[in-house]
Amino acid sequence: MSDQTSIFDRLEAVDARYEELNELLSDPQVINDTDRFMKLSKEEADLRETVQVYGRYKEVKEGIQETENMLSDSDLDKEMADLAKEELSDLKSEQDELEDKLTILLLPKDENDERNIIMEIRGAAGGDEAQLFAGDLFEMYRKYAENQGWRVEVLDSNTSGVGGFKEIIFSIDGNNVYSKLKFENGAHRVQRVPETESQGRIHTSTATVVVMPEAEDVEIDIDPNDIRTDIYHASGAGGQHVNKTASAVRLTHEPTGIVVAMQDERSQLKNREKAMKVLRSRVYDKIQSEQQAEFDAERKSAVGTGDRSERIRTYNFPQSRVTDHRINLTLQKLDQILDGDLGQIIDELIVWEQTEKLEQLSNEGV
């Protein structure tokens, strides 16, 4: 474990804070203060795994010391000595594993990891084929979310004439959604033979994915006076009400120039609520992105999910292959991945992010 003294200092501080939290959570005054109780309960839950692993680590360290003392006894018979050596080897191996785990647990946490998300998918280069692919990506994320027990709600969509989407905006609510799907930001490329291609030629198309942590009212202060609201008649598919009711809503956040338009609902109020939900998240995401860019520039190195214009993944249909270019991972199971089996890719990306953070910490310590 690198820089053991500072790491152990941090672990002891975490241990002490965990004990303090448990005492506070049994205090009647805290129990009666719902907001404070919820906040402290969350902090206790966040520290629990680190404290448990550190507790086991201390037990293993004591076990190593006791076993080494036993082996130093000249009166120890051979059979007992062999058993002690085997136990010592096992304990030292577990110690190494626990040190690695504690190092990961002490890495800086992404404050957005536990949040729900707003995801936007748009057909980009490739015309009809790009829009069909945008539909494929939406289904992939919808099925992955379903497998995770998360809830998906379409906020707005603009379908294309051939199927798929020119654009679709949706929310995903559940446990630690952002921590799993934050890596999906970027350009996704598809290589396949379109159904309309008579010569059997492979076409390359792209769709872009944007993932934003969902922002709450209390977390981002948007002055109502900074929002220009336009009400207009909805257009496109939607029934006879389309031309009769001015239900579509367009919100413009003038300080940032961010525009959100919603027309999926018949109710102007519901469209306004959905538009505000997306607007809050876009403004929050813009502020966070600017702060991250400034931070990355200061430390001369970026750890994160990559630029959104970056081509992050290729889905090759002729070879049933999916390649994530950031981590050079290629899997020969295109059908399963498009059916929502994203677990292996996401797990590898989480390890990649942790490795990047460890390298950054190491560089900063030099």
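Tutor: Let us go through the labels one at a time, each with its definition.

Tutor: This is a predicted model, in which local features need pLDDT of at least 70 and side-chain atom pairs count only at pLDDT 80 or more, while totals for chains, interfaces and linings use all residues. Residues are numbered from 1 along each chain as its sequence is written, and side-chain values use heavy atoms, with hydrogens and water left out.

Student: What is the mean pLDDT of the protein chain?

Tutor: The mean is 81, and 85% of the residues reach 70 or more; pLDDT is the predictor's confidence in each residue, from 0 to 100. Residues 237-243 fall below 50, and beyond near neighbours in sequence this stretch has nine contacts in the model (a contact means heavy atoms within 4.5 Å). Residues 298-308 are also below 50, with 26 contacts of that kind. Where pLDDT is low, the predicted coordinates should not be read in detail.

Student: How do you know that the span of helix H4 agrees with its number of residues?

Tutor: Helices (H or I, at least four residues) and strands (E, at least two) are DSSP runs, numbered from the N terminus. The expected span of a helix is 1.5 Å times one less than its number of residues. H4 covers residues 78-105, so its 28 residues should span 40 Å, and the end C-alpha atoms are 40 Å apart, which agrees.

Student: What makes Asp-77 a cap of H4?

Tutor: A side-chain oxygen of Asp-77 lies 3.2 Å from the backbone nitrogen of Glu-79, at the N-terminal end of H4. A polar contact is a pair of N or O atoms within 3.5 Å; within protein, one must be able to donate a hydrogen and the other to accept it, and residues adjacent in sequence count only if both atoms are side-chain atoms.

Student: Why is Thr-323 called buried?

Tutor: Buried means under 20% relative accessible area, exposed over 50%, and partly exposed in between (1.4 Å probe, protein chains only). Thr-323 has 14% relative accessibility, so the residue counts as buried. Thr-323 lies in strand E10, residues 321-324, and its side chain makes a polar contact of 3.0 Å with the side chain of Thr-330.

Student: Why is Ser-320 called partly exposed, and why is Asn-328 called exposed?

Tutor: Ser-320 has 27% relative accessibility and therefore counts as partly exposed. Asn-328, at 70%, counts as exposed because of that value. Ser-320 is in the loop between strand E9 (311-316) and E10, while Asn-328 is in the loop between E10 and E11.

Student: What is the phi of Ser-320, and what is the phi of Asn-328?

Tutor: For Ser-320, phi is near 50 degrees, a positive value in a residue other than glycine. Asn-328 likewise has a positive phi near 50 degrees and is not glycine. Along the chain Ser-320 and Leu-334 are 14 residues apart, yet their C-alpha atoms are separated by 4.8 Å.

Student: What makes E2 and E3 a pair?

Tutor: Two strands pair if DSSP finds at least two bridges between them. Strand E2 (residues 151-159) and E3 have eight bridges in the antiparallel sense, and Glu-153 has Ser-171 in E3 as its bridge partner. These strands form a hairpin with five residues between them, where Gly-163 in the turn has a positive phi of about 105 degrees.

Student: Which strands does E4 join, E5 and E9 included, and in what sense?

Tutor: E4 and E5 run antiparallel, joined by seven bridges; E4 and E9 run parallel, joined by five bridges. In E9, Thr-314 is the bridge partner of Arg-189. Strand E4 (residues 186-192) is mostly covered, with seven of its seven residues buried.

Student: How many residues does the largest nonpolar core have?

Tutor: A nonpolar core is a set of buried Ala, Val, Leu, Ile, Met, Phe, Trp, Tyr and Cys residues joined through side-chain atoms within 4.5 Å. The largest has 36 residues, and those with the most contacts inside it include Met-119, Leu-137 and Tyr-315. Helix H5 gives the most to this core, with eight residues. A second, separate core of 16 residues includes Met-212, Val-249, Met-262 and Val-283.
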